[in-house]
Amino acid sequence: MRLINQKPGRSWRISLAMLPFALLLIAYLAGSAARLAENPQDKLLPSVTQMADAVERMAFSEDPRSGRYLFWDDTAASLKRLAMGLAIAAVVGLCLGILAGGLPLFGASLSPLLTVISMIPPLAILPVLFIVFGLDELSKVMLIVLGITPVIARDIEQRAREIPAELLIKAQTLGANTWTLILRVVLPQLLPRLLIALQLALGSAWLFLIAAEAIASTDGLGYRIFLVRRYLAMDVILPYVAWITLLAWLMDLGLKRLTRAAFPWYEGGRT
């Protein structure tokens, strides 16, 4: 049997999925043990015990200065900014995508504009955002919005153009006006794709959030990572990176499950 036709069963699929992570963990533990055996003060590859102690200190012990649990405060601050950025980007991206892809008159102007804006590196305009919106929460949220909205809008635009013309013609034959077409025909077709677009934009959203927090913030996961880097505190940095990865994975999984539950008819959500 050709290799391309071989599909692993459920148990093999789970085993194969876990294999790369197990190999990475083994490689890290071996490297950490070797470096610490040579130099017990080495900070580059901390042991599991050292990272556990750091998590205990950051997450389950009050900070002597502020009296807060820094790990959870940082998590709450970052998730709040991320949620606001994703929500605004989803609404704006959906509206722009519908206008550009569903209404040719608007698309003639919006489509080229979205293409150009999507090519601007969001991190390059971060200083501009700080100047315009200040160093508070708004500038960090706007970086996420400006970073992922054009991508979401272009994806929705493309999906809007792919809606079969027969559906639009039938709706108009039954007396539907433009507003009814958008609400009853176009929007239901695009909502599942919006969730998938958000799922695909999660990585970029986290990137922009961490960058903004690292440059100008007093709390947040990105702020904490860049704060402790000066002390080479890898025992703090690595758990924070692992926690960010876990949060991003859970959000990705949640959006995937939501797409399947809310729109079971949508084949693009069955991945």
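Which helix gives the most to the nonpolar patch? Helix 5 (residues 126-133) does, with four residues. Helices here are DSSP runs (H or I, at least four residues), numbered from the N terminus.

This is a predicted model, where local features need pLDDT of at least 70, side-chain atom pairs count only at pLDDT 80 or more, and totals for chains, interfaces and linings use all residues. Residues are numbered from 1 along each chain as its sequence is written, and side-chain values use heavy atoms, without hydrogens or water.

The patch lies on the surface and consists of Val128, Ile131, Val132, Phe133 and Leu138. Together they have about 480 Å² of accessible area (Shrake-Rupley method, 1.4 Å probe; for residues, only the protein chains shown count as cover).

Buried means under 20% relative accessible area, exposed over 50%, partly exposed in between (1.4 Å probe, protein chains only).

| Residue | Relative accessible area | State |
|---|---|---|
| Ile131 | 71% | exposed |
| Ile225 | 12% | buried |

Ile131 sits in helix 5. Ile225 belongs to helix 9 (residues 221-228). Leaving aside neighbours within four places in sequence, Ile225 is in contact (heavy atoms within 4.5 Å) with Ile237, Tyr240, Val241 and Ile244.

Key: Patches are made of residues with over 30% relative accessible area and no salt bridge: like charges are joined within 9 Å, nonpolar side chains (Val, Leu, Ile, Met, Phe, Trp, Tyr) within 5 Å. A salt bridge is a side-chain nitrogen of Lys or Arg within 4 Å of a carboxyl oxygen of Asp or Glu. Helices (H or I, at least four residues) and strands (E, at least two) are DSSP runs, numbered from the N terminus.
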